[in-house]
Amino acid sequence: MSHRRLSRFATAATTATIATAATTALALTGPVAAAAPAAPADLAVGSPSVTAPIPLLPRPSDHLTVTVSGTGKAAKDGTYELYCHPARGTHTDARGACDKLDSLTRWGKDLFAGVPKGSQCTMQYGGPATARVTGTWAGRTVNTQFKRTDGCEIGRWDRFVPVLPAVAS
């Protein structure tokens, strides 16, 4: 599972960390370190030639509980546990759900934000289906509800399929 949204920034951060560690080691060892060879030029801070991949650390905090009701299909209603990185749990499509959440996640944006107040939405009814998603995603607490009461809410629900089940209006 690749996390492209972090790789460009993580490489620069790792390069800066290496440079800081080298500077700290030099300061702590004094004249002995001065005789040691200098760090290779490709490890300079901001150097574009540093392309070593950053190891992906597991994010044990990526755990969501999804409770769905009112879909009209017993197989779609229920409570599911979803763990990501790696994908697992009782969710019927854990890998697809984790991939979807990863594709929607943006730095500085609340992935699970509701429909903004004052939005102009079509007056259509998508049915009585509701869902509650709780847990933690990307270090943030999640506690949100989904419904299908108007065009905006239907669109929000549909963006989260397969995290939420596909429901015909």
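**Salt bridges.** I took a salt bridge to be a side-chain nitrogen of Lys or Arg within 4 Å of a carboxyl oxygen of Asp or Glu. How many salt bridges does a search of the whole structure find? I got 2.

A note on ground rules before going on: this is a predicted model, where local features need pLDDT of at least 70, side-chain atom pairs count only at pLDDT 80 or more, and totals for chains, interfaces and linings use all residues. Residues are numbered from 1 along each chain as its sequence is written, and side-chain values use heavy atoms, with hydrogens and water left out.

I used DSSP runs for the elements, numbered from the N terminus: helices are H or I with at least four residues, strands are E with at least two.

I then checked burial, where buried means under 20% relative accessible area, exposed over 50% and partly exposed in between (1.4 Å probe, protein chains only). Arginine 148 is buried at 1%, whereas aspartate 158 is partly exposed at 39%.

The other salt bridge joins the side chains of arginine 156 and glutamate 153, at 3.9 Å from N to O. Both residues sit in helix α4, 3 residues apart, or about one turn of the helix. Are they buried or exposed? Arginine 156 is buried at 2% relative accessibility, and glutamate 153 is buried at 12%.

**Core.** Which of its 22 residues touch the most other members? They are Leu101 and Phe112. The elements giving two or more residues to this core are β1 (63-69), α3 (94-104), β4 (130-137) and β5 (140-147). Helix α3 gives the most, with 4 residues.

I listed the contacts of Phe112 (heavy atoms within 4.5 Å). Beyond residues up to four places away in sequence, Phe112 touches Leu64, Leu101, Val133, Trp137, Val142, Thr144, Phe146, Arg156 and Phe160.

**Strands.** Two strands pair if DSSP finds at least two bridges between them. β1 pairs with β2 (residues 78-83) in the antiparallel sense over 6 bridges, and valine 66 has tyrosine 80 in β2 as its bridge partner. β2 also pairs antiparallel with β3 (residues 88-89), over 2 bridges. There, tyrosine 83 is opposite arginine 88 in β3. The hairpin of β2 and β3 has 4 residues between the strands, and histidine 85 takes a positive phi near 65° in this hairpin.

**Threonine 71.** I found threonine 71 in the loop between β1 and β2, and at 13% relative accessibility this residue is buried. The side chain of threonine 71 reaches the backbone oxygen of lysine 73 at 3.1 Å. Leaving aside neighbours within four places in sequence, threonine 71 contacts Lys76, Asp77, Ala129, Pro165 and Val167.

**Confidence.** Last, I checked pLDDT, the predictor's confidence in each residue from 0 to 100. The chain has a mean pLDDT of 78, and 63% of its residues reach 70 or more. Over residues 1-44 the pLDDT is below 50, and this stretch has 31 contacts in the model beyond near neighbours in sequence.

Note on methods: Core = buried A, V, L, I, M, F, W, Y, C linked by side-chain atoms within 4.5 Å. Polar contact = N/O pair within 3.5 Å; in protein donor to acceptor, adjacent residues only side chain to side chain.
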